[in-house]
Structures are given as C-alpha cells and as structure tokens.
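Please keep the 3D view open as you read.

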Amino acid sequence: MSQHESLEALRVRIGVQVPLELLEAALTHRSFSVENNGATTYERLEFLGDAALGCVVAEFMFLEHPEASEAQLTPLRAAIINAHALADAARTLNLGPSIRLGKGELTQGGQEKTSILADVMESLMGAVYLTHGMHAAREFVLRVMATQIRDAVELGAGLDWKTSLQELVAARKLSPPRYEVDVEGPDHSRTFTARVVIEDEVLGHGVGTSKRHAERSAAAQAYSSLVAGTAVDADAGTAVDAGNA
C-alpha cells in the first residue's frame with residue numbers, strides 16, 4: 001500500500017476529512033524529520049490538540065456533573081487526559097503502523113510506545129481542530145475517547161483500583177498482589193485476560209483490550225472480594241472491564 005493509500009485508509013478510520021498534507025504532518029515524529037530533510041513534525045499540532053482536548057474534556061465533565069466540586073472533577077479529567085488513556089485510544093484506531101519514525105526509533109518499537117502514541121493522538125486532535133474548528137474537534141474527542149470517558153464516569157473515585165487494592169492489602173498485612181496476564185489475538189485486535197493473586201489465591205479476573213484495562217478490572221474485583229470478605233474461585237466468571245463491555 002502506498003503512503004497516499006495508507007493516509008486515505010486512516011482518514012476513513014478516524015472518520016474526519018483532514019487534508020493529506022496536514023495528516024501526514026500529524027503522524028511525523030522528530031526522528032523521521034531528522035532523517036528526511038526536516039519534514040514537518042507533529043509537535044506543533046500536538047500542542048494545539050492538547051489544548052483542544054483539555055477544553056473539551058473539562059467542558060464535558062463540567063456539564064455532565066453539575067453537582068461535582070472542583071476536587072471531584074479534577075481526577076475525572078486526569079483519568080482521560082493522560083498518556084495511557086490517549087495511547088489506548090490510538091491503539092483502538094490502529095495508529096501505530098501509520099506513524100512515520102526514523103529507522104532507529106522504528107527498530108526500538110516506537111510505533112507501540114505509549115508516549116509516541118499519545119502524542120500522535122493529540123496531534124490528530126489538533127489537525128481536526130485546525131481543519132474544522134472546535135465543534136468538530138469536540139465531536140472527534142468525545143468519539144475517540146468514549147471508552148476513557150465512560151471509564152471515568154462509571155468508576156469515579158475508584159479509577160485507580162490497583163493502588164486501592166495495594167493499600168488495602170498492605171493494611172491487612174497480606175502479601176502484595178501479583179498479576180498474571182495472558183494475551184490472545186493478532187496485534188491489531190488483542191484481548192488481555194488478567195488474574196490477580198493474593199496469598200496464593202486468585203481473587204479477581206479482568207478482560208480488556210489492553211493489559212492496563214485487564215489488570216485494573218481484576219484489581220477492582222479483588223478489592224470488592226476482600227471488602228466483602230469473600231474469595232473468588234479461580235474458575236469463577238470473569239469480570240469484564242467497564243470500558244470494554
């Protein structure tokens with residue numbers, strides 16, 4: 001597939017008509033630019049996209065939660081505007097293979113690096129904003145970040161289940177949680193299944209489209225089991241990550 005055809009296919013996946021030259025810039029890492037006569041990188045678009053993302057998410061949380069205080073809204077926003085959440089959205093759109101990297105960065109797995117994927121996701125948001133304005137940028141952000149937004153809204157204060165579980169286990173003087181993760185499926189459509197083991201007993205299961213989602217879901221189930229004073233049998237049903245149900 002030619003570069004032009006690849007960009008056209010990506011425009012279909014992201015669902016927004018962005019000029020090909022701008023889209024190409026949004027996918028260009030500095031390492032590629034260094035090796036190719038100073039090609040325009042995504043850094044300026046990333047700057048713009050970061051601003052648009054912050055505005056859209058802040059507005060959404062403000063309007064959707066009219067009774068929430070600033071202290072309650074801040075962690076919800078942070079759960080969406082972070083590298084891991086942005087990289088997860090980028091993987092859903094399968095952006096990795098389209099990112100233009102220098103040879104060194106490419107051989108080091110740059111197309112799967114969380115930091116690079118997150119940067120490109122923001123640069124795409126900037127490209128959409130620059131092309132179509134804030135209304136289109138808002139629609140794009142809310143669509144591509146729908147899973148992360150749903151996670152934040154549904155989990156609320158329990159967003160960081162792994163930390164919450166670790167603190168609970170420490171307070172009860174139990175052995176630290178151990179996570180075991182299996183992965184199935186092709187690179188573009190992987191399914192992760194996690195188990196959390198405490199004191200040699202499986203206390204939680206989780207399934208997600210990323211290792212992070214699966215482990216977080218398993219931690220949430222284990223936390224509930226410990227609080228309720230019940231144990232989850234290793235053959236029991238699997239908890240599905242709320243963001244991927």
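Leaving aside its neighbours within four places in sequence, which residues is D88 in contact with? They are Q148, S210, R212 and H213, where contact means heavy atoms within 4.5 Å. This is a predicted model, in which local features need pLDDT of at least 70 and side-chain atom pairs count only at pLDDT 80 or more, while totals for chains, interfaces and linings use all residues. Residues are numbered from 1 along each chain as its sequence is written, and side-chain values use heavy atoms, with hydrogens and water left out.

**D88 and its helix**

- D88 sits in helix α6, residues 83–92; helices (H or I, at least four residues) and strands (E, at least two) are DSSP runs, numbered from the N terminus.
- D88 counts as buried because its relative accessibility is 7% (buried is under 20% relative accessible area, exposed over 50%, partly exposed in between, with a 1.4 Å probe and protein chains only).

**α6 against α8**

- The axes of α6 and helix α8 (residues 114–132) are 7 Å apart, at an angle of about 75°; axes are lines fitted to C-alpha atoms, for helices over the stretch in contact, and angles run from 0 to 180 degrees between N-to-C directions.
- That angle makes α6 roughly perpendicular to α8 (the term covers 65 to 115 degrees; under 35 is roughly parallel, over 145 roughly antiparallel and the rest oblique).
- On the α6 side, the residues that meet α8 are A83, H84, L86, A87, A89, A90 and R91; their partners in α8 are T114, L117, A118, M121, E122 and M125.
- The residues of this contact divide into nine nonpolar, two polar and two charged (Ala, Val, Leu, Ile, Met, Phe, Trp, Tyr, Cys and Pro count as nonpolar, Asp, Glu, Lys and Arg as charged, and the others, Gly among them, as polar).

**Nonpolar cores**

- The largest nonpolar core has 45 residues, and M121, M125, F140 and M145 have the most contacts inside it (such a core is a set of buried Ala, Val, Leu, Ile, Met, Phe, Trp, Tyr and Cys residues joined through side-chain atoms within 4.5 Å).
- Helices that each supply at least two residues of this core include α1 (3–14), α4 (43–64) and α9 (134–144), and α8 gives the most, with nine residues.
- M145 touches I80, A85, L86, A89 and M125, not counting residues up to four places away in sequence.
- Another core, of 15 residues, lies apart from the largest one and has V169, F192, A194 and I198 among its members.

**α11 against α12**

- Helix α11 (residues 161–171) and helix α12 (residues 211–228) pack with axes 8 Å apart and at an angle of about 35°.
- The residues of the contact of α11 with α12 divide into ten nonpolar, one polar and three charged.

**Y129 in α8**

- Y129 lies in helix α8 and is partly exposed, with a relative accessible area of 31%.
- Y129 and V18 are 111 residues apart in sequence, yet their C-alpha atoms are 9.6 Å apart in space.

**The loop between β2 and β3**

- Most residues other than glycine have a negative phi.
- E199, in the loop between β2 (191–198) and β3 (201–208), has a positive phi of about 55° although it is not a glycine.
- D200 lies in the loop between β2 and β3, and its phi is near 65°, a positive value.
- E199 is partly exposed at 45% relative accessibility, whereas D200 is exposed, with a relative accessible area of 73%.
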